[in-house]
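Me: I have a model open and I'd like to go through it with you. Can we start with the rings and then move on to the helices?

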Amino acid sequence: MLTLEWESEGLQTVGIVVIICASLKLLHLLGLIDFSEDSVEDELEMATVRHRPEALELLEAQSKFTKKELQILYRGFKNECPSGVVNEDTFKEIYSQFFPQGDSTTYAHFLFNAFDTDHNGAVSFEDFINGLSILLRGTVQEKLNWAFNLYDINKDGYITKEEMLDIMKAIYDMMGKCTYPVLKEDAPRQHVETFFQKMDKNKDGVVTIDEFIESCQKDENIMRSMQLFENVI
């Protein structure tokens, strides 16, 4: 059973850690597969799948992964997604395996949209690598920008209480019965109020990217969470 300190002050940490933990499930399913270095490079350069990935050297330059790490990730990605892209249904299926006692559908939808940066309804290998590179190897600023983009559901540059409530409900639904103590029904709304009391500096009812980053950088729990999953590959 997963134990979370839901009543602590660092409530935003839950969302940040879940983002990274959920992304690590993708790494587990798509990356931890035996590979042959030569054959992987051949596949990457001469892929016949529907979506042809960018050259290995270009992805290495764009991301913070080494060539060997990219080879591992590509072999796993291609094994799970022969078409070369991940659709939203596949994303939801992956997270349902990670959180079997809860309903991860809504959170997987939000996370899928965060990875699908060009909003074409599919996550390519490049999309996957770019997102994972930020979450696992990015600077604190890059990780917080990525998290803000996740919370900013309509991408208007602001986080509203409604958006944060949707995210928190999705996280709680995904955790299901895996929390102790059992969550109260109004817990998501209470946490949203705490979030805004802490982050909405000018009390205008929305949180900007600057307010979000400034508040997170002053939160020791969030800063520690930024370092938890570095160099896991």
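**Rings, loops and helices**

Reply: The charged end of Lys161 sits over the ring of Phe196, 5.8 Å from the ring centre. A charge counts as over a ring if NZ of Lys or CZ of Arg is within 6 Å of the ring centre and within 35 degrees of the ring normal.

Me: What kind of model is this, and how are residues numbered?
Reply: This is a predicted model, where local features need pLDDT of at least 70 and side-chain atom pairs count only at pLDDT 80 or more, while totals for chains, interfaces and linings use all residues. Residues are numbered from 1 along each chain as its sequence is written, and side-chain values use heavy atoms, with hydrogens and water left out.

Me: Back to rings. How many aromatic pairs are there?
Reply: The count is ten aromatic pairs. Rings of Phe, Tyr and Trp (its six-membered ring) pair if their centres lie within 6.5 Å; planes under 30 degrees apart are stacked, over 60 edge-to-face, and the rest tilted.

Me: Which residues do ring pairs link into a cluster?
Reply: Phe91, Tyr95, Phe112, Phe115 and Trp146.

Me: Is His119 buried or exposed?
Reply: His119 counts as exposed, because its relative accessibility is 55%. Buried means under 20% relative accessible area, exposed over 50%, and partly exposed in between (1.4 Å probe, protein chains only).

Me: And what about Lys155?
Reply: Lys155 also has a positive phi, near 60°, and is a residue other than glycine. Lys155 is in the loop between helix H8 (140-151) and strand S3 (158-160). With a relative accessible area of 32%, Lys155 is partly exposed.

Me: OK, at what angle do H6 and H9 pack?
Reply: H6 and helix H9 (residues 161-175) pack at about 125°, with their axes 7 Å apart. That makes H6 oblique to H9. Axes are lines fitted to C-alpha atoms, for helices over the stretch in contact, and angles run from 0 to 180 degrees between N-to-C directions. Under 35 degrees counts as roughly parallel, over 145 as roughly antiparallel, 65 to 115 as roughly perpendicular, and the rest as oblique.

Me: Which hand is that crossing?
Reply: H6 passes H9 in a left-handed crossing. A crossing is left-handed if the near helix is turned anticlockwise from the far one by less than a right angle, and right-handed if clockwise.

Me: And H4 with H7?
Reply: Helix H4 (residues 67-80) and helix H7 (residues 125-137) pack at about 130°, with axes 12 Å apart. H4 and H7 are therefore oblique to each other, and their crossing is right-handed.

Me: Where is Ala108, and is it buried or exposed?
Reply: Ala108 is in helix H6 and counts as buried, at 0% relative accessibility. Ala108 and Met174 are 66 residues apart in sequence and 9.0 Å apart in space, C-alpha to C-alpha.

Me: What about Asp166?
Reply: Asp166 lies in helix H9 and is partly exposed, at 38% relative accessibility.

Me: Last one: what does UniProt list?
Reply: An unreviewed UniProt entry lists residues 103-138, 139-174 and 187-222 as "domain: EF-hand". UniProt positions are given in the numbering used here, feature names are shortened, and annotations may be inferred rather than shown by experiment. In the model, residues 103-138 are 67% helix and 6% strand, with end C-alpha atoms 29 Å apart.

Technical notes: Helix = DSSP H or I, 4+ residues; strand = E, 2+ residues; numbered from the N terminus.
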